[in-house]
Every structure is written in structure tokens, then in C-alpha cells.
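Please look over the sequence and the model first.

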Amino acid sequence: MATLTMLEQAPTPKPVNRGAADYNDLTTETANAASEGLDTKSALEIARIINHEDAKIAAAVKKALPEIAIVIDTVARSLRDGGRLIYVGAGSSGRIASLDASECPPTYSTAPSQVQYIMAGGPKALASASDVNEDSPEIGQRDIARRRPTRKDIVIGVSASGRTPYVVGAVEYARARGAKTAAITCNLNTPLSDVADTTVITEVGPEVISGSTRMKSASAQKMVLNMITTGAMTRLGYVYDNLMVNVHMKNAKLVERGIRVLMKVCDIDRDTAIRTIKSAGKSIPIAVVMLKANVDKMEAVRRLTKSDGNVRLAIDDSRLEL
């Protein structure tokens, strides 16, 4: 575990101007003309206004696709090389990041250590507000220092405003330690962008409730994080065609999903799928390679090891360079 002494010995991050713009100048904090008089509207009118504003989210994300693609490949390279994806966030942004991190193991059988999150205020802040921690870049630096970021890792700061001191401090520290860094924000020209290698900006505009970034901003962040981890896991070969071949079969629903995936990928009946899964040690990737390449379990394992877990390349017995 990192200590305060370790923090003092770390490379000194370059100073960042955190007072360059007032919060009132951020688009996510300004009033939305489309929702004026919201408190006088009927339930249906409120729903229509929110829906109309939500329709703008996908277009905002679309404009950021080139940057999202860069982050996808960076994450894939980091994970392939034994590094980690570490999200850092606060408030709604931190909760969105924690959700994405926690869903990777059951979806792709990744180890919990591969995709992590750091939340301002710690895990207890997921269920209750801990806003005071957001204002301290030093606490952000301390929390990321405990994870000991290295050149193999990528640290992604998630902040709708792009100004959250906790997140800026953490990303700034990680970059100084050599980690790759990215920012996910909804405003232009922010301190978080200044300290990140790559910035994904989704300009969703003013919220229906001024400053309530758990709405459009959080929805945009959820879409972006979905793209990043889904894209990275697909690039790593944990998806075959468009199927979840790396599913972790830890409950009845996921066991059934694994059976159906194997049946579809290999065009086999249910009984054959079940037998193969058992002989593959309950591993869908091993079962797929065994059937598609017509090899035994030992050879399937060898191929998957050689391809870093990429199922398609293991079938072809080749290797992808990211």
C-alpha cells in the first residue's frame, strides 16, 4: 500500500489551472430553455421534455467516436500486456464507472483486478453522498497512489464538468507515474482534459434540471464506457462474432447463456454442447476452440494461451497485434 512518503517521492505533476472557467460557464450547469416552467407541467409533459432532451445524447456521443476508438485500443493493449483499466470518478460519474467495472467479470470472465474503479469517498459513497472528497486533488492522488499505477495501466477520469479536483488530481498523478490516461467529460477546455492523454467530450448541453448531471451527462458517460469496455474486450477476442463467448457461468442464467452460445457458434445440439462444456472444464472459450478447430482440450488451452485468450485467433492458431 502506498504511503504519504511514497506520494512525496513521486514525480511532481505539472500544475494545472483549475480556475480557468467559472462553473456558471459550463454548459452542463446552465439553464435549459426547453424545460422552463417544468414545475408547472403535467407528468406527460415532463416525460416528453426529458425524452426530447435525451434524444440528443447519441448524437453527442457520435461526434466523439474517433477519440473513443483511441481509448478502446489503448485499453485493449493495456489489458493484453498485463495492465489494468482503472476508472476514477465522483458522484454520479463515479457510480457509472463503478457499474461498468463491476459488470466486466461476469460478462467477459475478466479478473476483478483487471478493470477497477476508484470512487471519491470510497465504496460507501456509492450509496450516499460524500461530496467533500470531490474537492481535494490530494485525496485523489492518495487514492490512486494506493493502486500503484504503472506504464502498463490506463487510468480514465470520469467527470461531467471536467473540473472535479479529486478526479483531476488522480489522473494527473497517474500520468506522472507513466500510466496512459483518458478523460470522459461533457464540457470543452477543462482541467481534466489538460492532464489526460486522450479526451472524450460528449457535449450534451444543459440538463433538464440545471446542473443535474445524473441525467443526460450520466447517460452519455454510460454509453461511452459501454463502448470502451465492449470494444476493448471484443478487440481482445473475448467476443466471437457478436456472442458472449467469455461468459462466466456462475449462476443458472449464465450457464444457460453459455450453452446457447456454444450451440449457436458451433451449430450443435444441446446435449453435445453440455458434454463439451463439461469436458472443457466449464470454459466456453475452450469448448469453442475444441469444436471449431477439432482439437482436444490441451491443444485448445495452448492455442488460447498463445492468442492471449482471443477465441477467433485461437481457432486459426494465429496472433493479433494491437
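The domain assignment divides the chain into domain 1 (23–236) and domain 2 (239–316). The model is a predicted one. Between the C-alpha centres of domain 1 and domain 2 the distance is 33 Å.

**Contact between the domains**

- On the domain 1 side, 10 residues are in contact with 10 residues of domain 2.
- About 760 Å² is buried between domain 1 and domain 2, and carbon and sulfur atoms give 49% of this area.
- Pro106, Tyr108 and Leu236 are the residues of domain 1 that lose the most area to domain 2, and together they account for 47% of what that side buries.
- There are zero salt bridges between domain 1 and domain 2, while five residue pairs, both at pLDDT 80 or more, are in polar contact.
- Two helices, α5 and α9, each supply at least two residues of the side of domain 1 that touches domain 2.
- With four residues, α5 gives the most to that side.

**Nonpolar cores**

- The largest nonpolar core has 35 residues, and Val75, Tyr87, Ile156 and Ile228 have the most contacts inside it.
- Elements that each supply at least two residues of this core include α4 (65–80), β1 (85–89), β3 (154–158) and α9 (216–235).
- The largest share of this core comes from α9, with seven residues.
- Beyond its neighbours within four places in sequence, Ile228 is in contact with Ile68, Val71, Ile72, Val75, Tyr87, Ile156 and Ile184.
- A second, separate core has 27 residues, among them Leu254, Val265, Ile284 and Met290.

Notes
Residues are numbered from 1 along each chain as its sequence is written. This is a predicted model: local features need pLDDT of at least 70, side-chain atom pairs count only at pLDDT 80 or more; totals for chains, interfaces and linings use all residues. Side-chain values use heavy atoms; hydrogens and water are left out. A nonpolar core is a set of buried Ala, Val, Leu, Ile, Met, Phe, Trp, Tyr and Cys residues joined through side-chain atoms within 4.5 Å. Buried means under 20% relative accessible area, exposed over 50%, partly exposed in between (1.4 Å probe, protein chains only). Contact means heavy atoms within 4.5 Å. Domain bounds come from an automatic or database domain assignment. Buried area is the accessible area (1.4 Å probe) that two parts lose on being put together, summed over both. A salt bridge is a side-chain nitrogen of Lys or Arg within 4 Å of a carboxyl oxygen of Asp or Glu. A polar contact is a pair of N or O atoms within 3.5 Å; within protein, one must be able to donate a hydrogen and the other to accept it, and residues adjacent in sequence count only if both atoms are side-chain atoms.
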